There are 2 protein chains.
Amino acid sequence: MSNFHVYDTTLRDGAQQEGLNLSVSDKLAIAGYLDDLGVGFIEGGWPGANPKDTEFFRRARTELDLKNATLAAFGSTRRAHTRAADDPQVRALLDAQTDVVTLVAKSHTRHVEEALRTTPEENLAMIADTVSFLTREGRSVFLDAEHFFDGYALDPAYALEVVHTAAQAGAEVIALCDTNGGMLPPRVTDVVGEVLGHTQARLGIHCHNDTGCAVANSLAAVEAGASHVQGTINGYGERTGNADLVTVVSNLQLKLGREVVQPQRLRQALHLSHAISEVTNVVPYGRQPYVGASAFAHKAGLHASALKVDPDLYQHTDPALVGNSMRTLVSDMAGRASIELKGKELGYDLTGEPELLSRVVSRVKDLEQQGWTFDAADASFELLLREEVTGAPLVYFEAESWRIITDSGTYGDASPVSEATVKLRAAGRRVVATGEGNGPVNALDHALREALSEAYPELAEFELIDFRVRILDAAHGTDATTRVLIETTDGQQIWQTVGVADNIVHASWTALVDSFTYGLLQRGVQPRD
Amino acid sequence: MSNFHVYDTTLRDGAQQEGLNLSVSDKLAIAGYLDDLGVGFIEGGWPGANPKDTEFFRRARTELDLKNATLAAFGSTRRAHTRAADDPQVRALLDAQTDVVTLVAKSHTRHVEEALRTTPEENLAMIADTVSFLTREGRSVFLDAEHFFDGYALDPAYALEVVHTAAQAGAEVIALCDTNGGMLPPRVTDVVGEVLGHTQARLGIHCHNDTGCAVANSLAAVEAGASHVQGTINGYGERTGNADLVTVVSNLQLKLGREVVQPQRLRQALHLSHAISEVTNVVPYGRQPYVGASAFAHKAGLHASALKVDPDLYQHTDPALVGNSMRTLVSDMAGRASIELKGKELGYDLTGEPELLSRVVSRVKDLEQQGWTFDAADASFELLLREEVTGAPLVYFEAESWRIITDSGTYGDASPVSEATVKLRAAGRRVVATGEGNGPVNALDHALREALSEAYPELAEFELIDFRVRILDAAHGTDATTRVLIETTDGQQIWQTVGVADNIVHASWTALVDSFTYGLLQRGVQPRD
């Protein structure tokens with residue numbers, strides 16, 4: 001394990017992703033999660049290039065208590081025709097006070113000439129000088145050979161010269177970068193093999209996903225002898241992203257038998273991947289290998305019946321090894337076997353109930369036709385199933401009407417406020433209650449809680465933690481049907497409910513009522529008439 | 001080209017994706033797009049397995065006019081110990097009246113015994129009997145050897161026997177399926193090579209993305225000699241999805257030099273990928289290789305300055321070959337070089353304006369800190385840039401106030417209706433107008449159009465085509481800051497605007513006003529006082 005480097009660049013290269021914007025606190029939080037995952041190195045950013053990254057390294061010294069990982073600062077070789085010791089950018093790398101410094105260097109002659117505007121010889125001097133200056137200052141120096149594969153194709157002798165120069169100057173790792181992401185695995189295998197034939201240096205690999213092969217390219221390099229692999233969590237990164245370290249590590253460990261992180265840490269992969277996506281505010285990709293919400297989810301009726309026989313026949317690995325689990329999806333493609341399995345997951349034994357199963361299947365099909373989705377709203381599905389099992393819906397209160405007013409005030413003077421009024425009957429009384437909020441759904445949530453507070457004080461412990469809106473027929477813009485998914489917690493459990501309607505507020509009301517109903521049911525609260 | 005099969009299974013295997021639900025009309029629309037892309041075969045579904053697929057094949061005969069592709073019906077080998085001619089499922093395949101029938105068959109002994117509950121010998125008989133019955137009926141028969149790679153690992157002799165049996169009975173293609181998706185490229189290379197050493201049959205490959213290697217595995221099979229590749233558009237499919245045919249075809253054509261579709265059709269790849277995602281209602285994945293919105297988008301300040309020198313140094317291929325284009329992203333990581341490039345894209349020459357550039361950079365950084373995002377809202381960025389260039393915002397009307405009421409009516413009796421009232425001054429007059437809608441934003445849109453209809457009749461041609469809501473701080477649920485992205489068209493152009501506020505309605509108002517302002521600006525309309 002110690003002889004293999006898992007090197008994470010989420011905080012530097014990952015942050016180049018379109019729409020991704022990390023604060024210093026975000027970066028510190030992510031670094032903590034990366035450490036928990038067991039990566040060996042965390043590239044924190046480019047000190048000096050922007051004030052945020054400088055501050056990150058300053059705060060990391062006191063606020064970050066890394067147990068496994070070593071922090072690396074990223075920067076560039078010195079400018080042409082200067083001394084490394086005099087280059088402010090190089091000095092900023094020292095000021096970051098990390099054990100490791102990763103230097104990006106050109107290895108492609110046209111990039112040297114056209115982007116760097118210097119000679120190939122001076123580029124080699126810049127590498128030698130900067131690497132040896134930083135090693136003399138006590139740093140472990142890793143070198144990212146930028147555009148290496150393209151450069152090697154154009155001028156292999158020069159690209160190899162870059163590797164030799166860096167190694168002789170003391171670089172501990174030379175990472176070959178497919179910066180533009182155009183490689184396919186066989187070429188990566190060949191190039192890594194050829195370079196290893198010319199050097200004793202430890203080689204690393206840094207891939208982008210422009211051909212959809214970042215993971216396969218990384219594995220090809222490792223199988224060809226590279227022992228340092230770079231990537232980002234969830235494959236964040238510019239353009240199509242970097243190699244997804246979650247997938248790369250899972251493949252290395254579970255498919256190729258290399259223990260590159262401790263197994264108990266890999267079992268946290270799903271949790272850490274999702275925790276990091278909470279910080280980045282990038283919606284998790286459901287189809288992400290290993291840790292995606294759908295990665296072990298089965299919808300096909302064909303599979304569902306066979307899954308009952310032997311789940312391992314239909315799984316490429318045990319999902320628990322990455323903290324995931326198998327799910328059966330309820331959908332209009334589901335037959336009775338899927339509903340029966342799902343019922344079992346929820347604690348309802350439906351064997352020997354073919355008519356009930358058919359009723360549920362047909363109701364699910366009808367509702368999904370209208371835009372409902374139960375595969376992301378288990379709680380709403382359980383209420384539907386319970387209604388069919390018991391013969392009646394679970395009703396904690398009788399709604400009479402609601403109304404929401406959102407007012408700009410005098411334009412520009414103040415923040416608009418929403419005010420909701422709810423009229424309902426609960427626990428034998430008619431209640432009229434009003435709530436304010438910074439949006440219509442927030443106001444409705446407050447008014448409904450207020451109206452029910454006496455009959456169901458338990459509601460005070462429920463908190464809405466996510467609210468997602470999906471326009472179902474985008475061709476009509478705001479005229480379209482709206483689906484609202486709500487996530488609620490009581491501090492212990494988290495549950496999801498769904499509502500669909502033309503009006504976003506109406507859809508939210510439905511999901512909100514389901515959320516409260518499900519939460520009260522889970523706590524064993526009986527309807528109070 | 002004619003000697004290579006691009007076989008699409010979006011309508012069958014792709015439809016197994018979590019959250020994806022296709023109507024018959026959806027399937028017909030997608031089949032048309034697939035034909036435009038130039039795939040050789042379109043697997044339409046499983047006739048008889050569900051009424052939707054039966055109806056698809058019926059309607060396809062009259063409503064689908066395929067120019068390139070051949071339609072295939074998918075089904076299973078006959079049941080154990082029956083005759084193919086008597087099996088209703090096999091008869092339904094004939095009734096679909098397609099030229100090609102693709103049969104799924106087991107090639108893994110444990111699946112034969114535990115899922116199919118028959119003997120390995122009977123399974124071979126089922127294959128031989130069903131293939132030869134369908135070929136005698138005039139069909140071209142392709143065989144999907146399910147779980148082939150896992151089956152070959154367990155019992156290679158039996159897996160090969162399945163290939164031989166199908167080939168001898170007349171199957172034209174034997175597609176080796178990595179049904180559980182656990183393979184890596186080197187293993188695929190080995191197995192395809194070994195199977196080809198034992199058969200003259202045309203081999204195909206069918207991959208799932210559970211290790212993140214579906215594309216690489218497909219390419220590995222082709223390089224090992226397979227000449228039929230299956231996949232789905234945008235990689236739709238169960239769990240982590242199938243091999244993304246857009247990426248596979250682009251790689252085959254642009255990286256491996258195999259012309260598997262006509263180049264002018266590949267130039268439509270982005271358009272067709274997005275058109276299909278409109279039908280599936282699955283949000284396009286921005287990081288999708290080749291056709292993703294971010295696939296050729298550059299954010300890094302480092303790159304932006306070098307991009308000015310020579311774009312080809314930073315692109316793995318010419319984006320125009322797949323209908324995409326290079327974009328420069330404006331973000332708080334952008335330096336002045338990016339803003340200058342972006343200005344140039346928008347038609348503003350900002351060279352020699354360092355102070356103006358600094359002002360714009362700092363405003364963008366401030367706003368992005370608050371949750372704005374300009375990389376998805378070019379029109380809002382252009383208005384900001386224009387304001388800094390001209391020294392004043394572009395104002396077509398002066399808003400005074402707005403108010404929206406959403407009322408449930410008597411609960412359960414009717415659909416809730418939203419009503420918005422807008423007060424403003426335009427073209428020298430004070431206007432008060434009211435609009436109704438099926439949601440608050442829709443009502444606001446109608447009221448604002450009504451209020452401005454006399455001053456700016458041009459607005460009648462603008463239509464909102466997408467409306468996306470993002471909760472920025474999901475930890476607080478409905479209390480969070482809201483970002484609204486609006487997409488508008490005038491029938492010619494499409495533009496995106498953004499609004500951020502605590503209140504979703506307020507954020508929508510901001511994005512709506514920007515949308516109208518930008519649209520009027522583009523048409524050369526001057527503010528009418």
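**A friendly note on the two-chain model**

1. Setting aside the residues within four places of it in sequence, Leu143(A) is in contact with Leu103(A), Ala105(A), Val131(A), Ala166(A), Ala171(A), Val173(A), Ile174(A) and Ala175(A). Please keep in mind that this is a predicted model.

2. Leu143(A) belongs to the largest nonpolar core, which has 190 residues. The members that touch the most others there are Leu143(A), Leu176(A), Leu143(B) and Leu176(B). Another core, of 100 residues, lies apart from that one and includes Val484(A), Ala507(A), Leu485(B) and Val505(B). In soluble globular proteins, nonpolar side chains tend to be buried together.

3. Now to the place where the chains meet. Chain A brings 102 residues to the contact and chain B brings 101. On the side of chain A that touches chain B, strand β11 (residues 398-407) gives the most, with nine residues. By type, that side of chain A holds 39 nonpolar, 40 polar and 23 charged residues.

4. β11(A) and strand β11 (residues 398-407) of chain B run antiparallel and are joined by five bridges. Within this pairing, Asp407(A) has Arg403(B) as its bridge partner.

5. How are the two chains related? Chain A superposes on chain B by a rotation of 180° with 0.0 Å of shift along its axis, at an RMSD of 0.2 Å. That is the relation of a two-fold axis. Both copies use the same surface, as 99% of the contact residues of chain A recur in chain B. The residue of chain A that comes closest to the rotation axis is Ile405(A), with its C-alpha at 2.1 Å.

Note on methods:
Residues numbered from 1 in each chain as written. Chains lettered and ligands numbered in written order. Predicted model: local features only at pLDDT ≥ 70, side-chain atom pairs only at ≥ 80, totals over all residues. Contact = placed C-beta atoms within 7 Å. Helix = DSSP H or I, 4+ residues; strand = E, 2+ residues; numbered from the N terminus. Nonpolar A, V, L, I, M, F, W, Y, C, P; charged D, E, K, R; others polar. Pairing = 2+ DSSP bridges. Least-squares fit on C-alpha atoms with pLDDT ≥ 70 in both. Core = buried A, V, L, I, M, F, W, Y, C linked by C-beta atoms within 7 Å. Buried ≥ 20, exposed ≤ 12 C-beta atoms within 10 Å, placed from the backbone.
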